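Here is a friendly walk through one protein model. Have the sequence and the 3D view open side by side as you read.

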Amino acid sequence: METYLREIAATRSERMRWWHEARFGMFVHWGLYSQLGRHEWVMNRERIPVAEYEKLADTWQPGERPAREWARLARQAGMKYMVMTTKHHEGFCLWDTDQTEYNSVKRGPRRDLVREYVEACREFGLKIGFYYSLMDWHHPDGARCARDGAARRRFLDFTQGCVRELCTNYGKIDIMWYDVSWPLESPERWETVAMNRMVRELQPHIIINDRAQLPEDFGTPEEQVRAAEAGRSWEACMTFNGSWGYMPISPDWRSVREVVDMLCTATAGGGNLLLNIGPRPDGSVPEQAVERLGAVGAWISSNGDAIYGHVDRTDGRMEWMPTGRWTLRDKTAYFWCNRWPGEELTLGGLRSRVARASLLTTGAPVAFQQTEDQLVLGGLPVANPDGIAGVTVIKLECETPPTQMLGAGCVVLD
Ligand code: GLC
């Protein structure tokens, strides 16, 4: 295992470059549970017996190629990649698999939904990720494998067979996104090293997440946008309304402003944001998500410079401000002003000379005066010029890589 971890660490930065620069992706949770609309854990939470739940495999009637709608929307929203559930905990496979009859080609949909998804990603120029749940509530050995050696062998063969097909039959795949590794308790018992070696042989450029009990390429904080320790890549996965699967009764939609704020936190911490949609059973996207993603895309289309590409982490370099937050790239600081102060904005403690200040969306210069401890930006619009999210980015081009120091006191610090 140590050898494997060393080997993959050596090639990581090369492999991860596009992903770091991409910043923003779309997660799609779609499966039999979408028909019930009560969360993707509905089978487990409501204790629906397998035999009853299985009937959903025959009643599922997706509309025509909904993946094209997702991919178009992702593109418009400024997302650069997608990750779709090929098999969630319910165990239903959305592709043409030889490992089980419980799949979307043999049952209701009669189509390879993974293939449609892959084709849509390619059509819209998005990188392709496969979510795969190791935990399986349908497979007869899915739980038994924890205490029965023969069952474990069968379940591992099934798992590796599924993963092999996904990495063999769909051309180049960019991300393998495992989930929930219940009930086996170690990477040895899951044979993760062998499985991931196989994945990497079949897909040499693939990026793998950390949910098969190995740290692999990136960490996956869930429902919280939080930077991992420096040196470790991370991607926050977030629901849009508190459920991953379609759940129309949940009213808790995140606002455009919240999504922009999450993007700011991800960028400032050098991480990514994977924002989920839970399509309806026919595959159409709830209008709340469509509307918000459209607005997020409009915001990003003129503020993308502050988000995409290589960025520097702000931790330790910049301070929190009551009026907004920072992202950084080389000698440029972007101040995401989300509480608009009116015509004048004062930023204290900058330790770099500012050469030019401007509004990112228009490039219009902003007048400023800088003294040793204060940068005073003047002549700003009275009201926040950003009508989409209420976040206006001010670009400060500095003479040296920006840093800021305030401390808790009110004296000028050396
Ligand atoms: C959790 C949930 C699962 C969801 C996933 C997304 O592990 O069990 O339903 O798909 O998070 O990160």
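The sections below go from the sheet to the ligand and then to some backbone details.

## Before we start

This is a predicted model, in which local features need pLDDT of at least 70 and side-chain atom pairs count only at pLDDT 80 or more, while totals for chains, interfaces and linings use all residues. Residues are numbered from 1 along each chain as its sequence is written, and side-chain values use heavy atoms, with hydrogens and water left out.

Helices (H or I, at least four residues) and strands (E, at least two) are DSSP runs, numbered from the N terminus. Two strands pair if DSSP finds at least two bridges between them.

In what order do the seven strands of the open sheet stand? The order is 5-4-3-2-1-7-6, and the pairing is parallel. Strand 5 (207-208) and strand 6 (235-238) are at the edges with a single partner strand each, so one side of each has no neighbour in the sheet. As background, strands of a sheet pair through backbone hydrogen bonds, either parallel or antiparallel.

Tyrosine 81 has lysine 127 in strand 3 as its bridge partner.

## A buried lysine

Lysine 87 belongs to strand 2. Is lysine 87 buried or exposed? Its relative accessibility is 0%, so lysine 87 counts as buried (buried means under 20% relative accessible area, exposed over 50%, partly exposed in between, with a 1.4 Å probe and protein chains only).

The side chain of lysine 87 makes a polar contact of 2.6 Å with the side chain of aspartate 136. A polar contact is a pair of N or O atoms within 3.5 Å; within protein, one must be able to donate a hydrogen and the other to accept it, and residues adjacent in sequence count only if both atoms are side-chain atoms. Leaving aside neighbours within four places in sequence, the residues in contact with lysine 87 (heavy atoms within 4.5 Å) include Phe92, Trp95, Tyr131, Asp136 and Phe158.

## Around the ligand

How many residues surround the ligand? There are 14, and the closest are His29, Glu40, Trp41, His88 and Glu222; a residue is near a molecule if one of its heavy atoms lies within 4 Å of it.

Some side chains place polar atoms by the ligand's oxygen atoms. For histidine 29, a polar side-chain atom is 2.5 Å from a ligand oxygen atom, and for glutamate 40 the distance is 2.6 Å. In the side chain of tyrosine 131, an N or O atom is 3.4 Å from an oxygen atom of the ligand. The protein covers 93% of the 300 Å² of accessible area that the ligand has on its own (areas come from the Shrake-Rupley method with a 1.4 Å probe; for residues, only the protein chains shown count as cover).

## Helix 11

Helix 11 (residues 256-268) has 13 residues and spans 18 Å from its first C-alpha to its last, close to the 18 Å expected at 1.5 Å a residue. The expected span is 1.5 Å times one less than the number of residues.

Among the buried residues of helix 11 are Val256, Val259, Val260 and Leu263. Their cover includes strand 1 (24-28), strand 7 (272-277) and helix 12 (287-303). After helix 11 comes glycine 270, with a positive phi near 70°.

## Strand 14

Strand 14 (residues 392-398) is mostly covered, with six of its seven residues buried. Strand 9 runs antiparallel to strand 14 and is joined to it by six bridges; here threonine 332 stands opposite glutamate 397. Strand 11 (residues 354-359) is also antiparallel to strand 14, with five bridges, and valine 354 has cysteine 398 as its bridge partner.

## Backbone details to look for

Most residues other than glycine have a negative phi, and most peptide bonds are trans. Where is a cis peptide bond found? One joins tryptophan 182 and proline 183, with omega about 5°, and proline 183 is in the loop between strand 4 (175-179) and helix 9 (187-190).

Glutamine 213, in the loop between strand 5 and strand 6, has a positive phi near 70°. Aspartate 330, in the loop between strand 8 and strand 9, has a positive phi near 50°. Glutamine 213 is partly exposed at 26% relative accessible area, and aspartate 330 is partly exposed at 44%.
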